[in-house]
Amino acid sequence: TKSVVPIESLDSLSVKSFPLCMRQLHEQLRAAHHLKHGGRLQYGLFLKGIGVTLEDSLRFWRDEFTKIMDLDKFEKQYAYNVRYNYGKEGSKRNYSPFSCMRIISNTVGQGDCHGCPFRHCDVSNLKNRLQGYGLDSQSIQSVVEMTKKGHFQIACSKYFDAVHNVDLGLGINHPNQYFEESQKLQG
Ligand code: SF4
């Protein structure tokens with residue numbers, strides 16, 4: 001059975017074990033205390049998939065959102081979606097976290113932070129971000145090269161190798177798979 005991931009560990013996990021698509025959503029949420037619908041859906045389902053409980057998810061989103069809105073508004077407009085992701089509202093389906101294919105083929109608008117950064121960010125932004133994360137220039141180069149060729153998942157795999165200081169060349173097809181592979185290396 002999968003272990004429960006406490007929300008207190010999400011800041012450090014986002015650095016060590018999240019793929020870039022989820023790290024970017026986490027950082028945006030922390031910075032803006034808000035995410036648009038597409039981001040809440042993509043990130044919320046990912047969190048469910050790594051083992052964050054519904055109760056913790058509600059607390060996590062509430063703690064951030066109530067920095068910019070009152071509790072009543074959060075409960076009325078946003079708590080439903082969190083419960084929905086866990087199959088507790090609406091059609092009560094047990095929604096699966098999105099695969100890379102699903103995320104890459106998403107349409108992402110202005111001001112949106114969801115999607116796959118290798119697909120949806122412009123290259124200079126991507127470069128800056130990777131530099132900011134302290135990746136060495138050779139790794140950045142190989143990520144960017146794959147991005148430019150349209151090999152987004154290979155770029156993601158190169159990012160994985162750079163962050164973990166390994167040379168595995170994994171085939172990445174799901175953000176939650178990325179997370180699990182990373183956790184295996186944390187020992
Ligand atoms: Fe996320 Fe997949 Fe893109 Fe990697 S390739 S950043 S896991 S969507």
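Select helix H2 (20-32) and colour its buried residues: Leu20, Cys21, Met22, Arg23, Gln24, Leu25, His26 and Leu29. A residue is called buried here if 20 or more other C-beta atoms lie within 10 Å of its own, exposed if 12 or fewer, and partly exposed in between, with C-beta atoms placed from the backbone. Helices are DSSP runs of H or I of at least four residues, numbered from the N terminus. The model is predicted: local features need pLDDT of at least 70 and side-chain atom pairs count only at pLDDT 80 or more, while totals for chains, interfaces and linings use all residues. Residue numbers start from 1 along each chain as its sequence is written.

H2 has 13 residues, and the span from its first C-alpha to its last is 18 Å, close to the 18 Å expected at 1.5 Å a residue. The expected span is 1.5 Å times one less than the number of residues in the helix. Step just past the end of H2 to His33, which takes a positive phi of about 60°.

Next, select the ligand. It is surrounded by 15 residues, and the closest are Pro19, Cys21, Cys100, Cys116 and Cys156; a residue is near the ligand if its C-beta atom, placed from the backbone, lies within 6 Å of it. Two or more residues of this shell come from each of H2, helix H7 (100-104), helix H8 (117-120), helix H11 (152-164) and helix H12 (175-186). By class, the shell has 14 nonpolar residues, one polar and no charged. In this scheme Ala, Val, Leu, Ile, Met, Phe, Trp, Tyr, Cys and Pro count as nonpolar, Asp, Glu, Lys and Arg as charged, and the others, Gly among them, as polar.

Now colour the two domains, domain 1 (7-85) and domain 2 (100-186), whose bounds come from an automatic or database domain assignment. Each of them gives at least three residues to the shell around the ligand. Their C-alpha centres lie 21 Å apart. At the interface, 18 residues of domain 1 are in contact with 16 residues of domain 2, contact being C-beta atoms, placed from the backbone, within 7 Å. On the side of domain 1 that touches domain 2, H2 and helix H3 (37-50) each supply at least two residues. That side has nine nonpolar, seven polar and two charged residues.

Show the largest nonpolar core, which has 36 residues; those with the most contacts inside it are Leu25, Ala155, Cys156 and Tyr159. Such a core is a set of buried Ala, Val, Leu, Ile, Met, Phe, Trp, Tyr and Cys residues joined through C-beta atoms within 7 Å. H11 makes the largest share, eight residues. Both domain 1 and domain 2 give residues to this core, so it lies between them.

Centre on Ala155, which touches Phe118, Val143, Met146 and Thr147, leaving aside residues up to four places away in sequence. Move to Phe118 in helix H8. Phe118 counts as buried because it has 27 C-beta neighbours inside 10 Å.

Finish at Asn106, in the loop between H7 and H8. Is Asn106 buried or partly exposed? Asn106 is partly exposed, with 18 other C-beta atoms within 10 Å. Apart from residues up to four places away in sequence, Asn106 touches His114 and Gly115. The C-alpha atoms of Asn106 and His120 are separated by 9.2 Å, although 14 residues apart along the chain.

Conventions
Contact = placed C-beta atoms within 7 Å.
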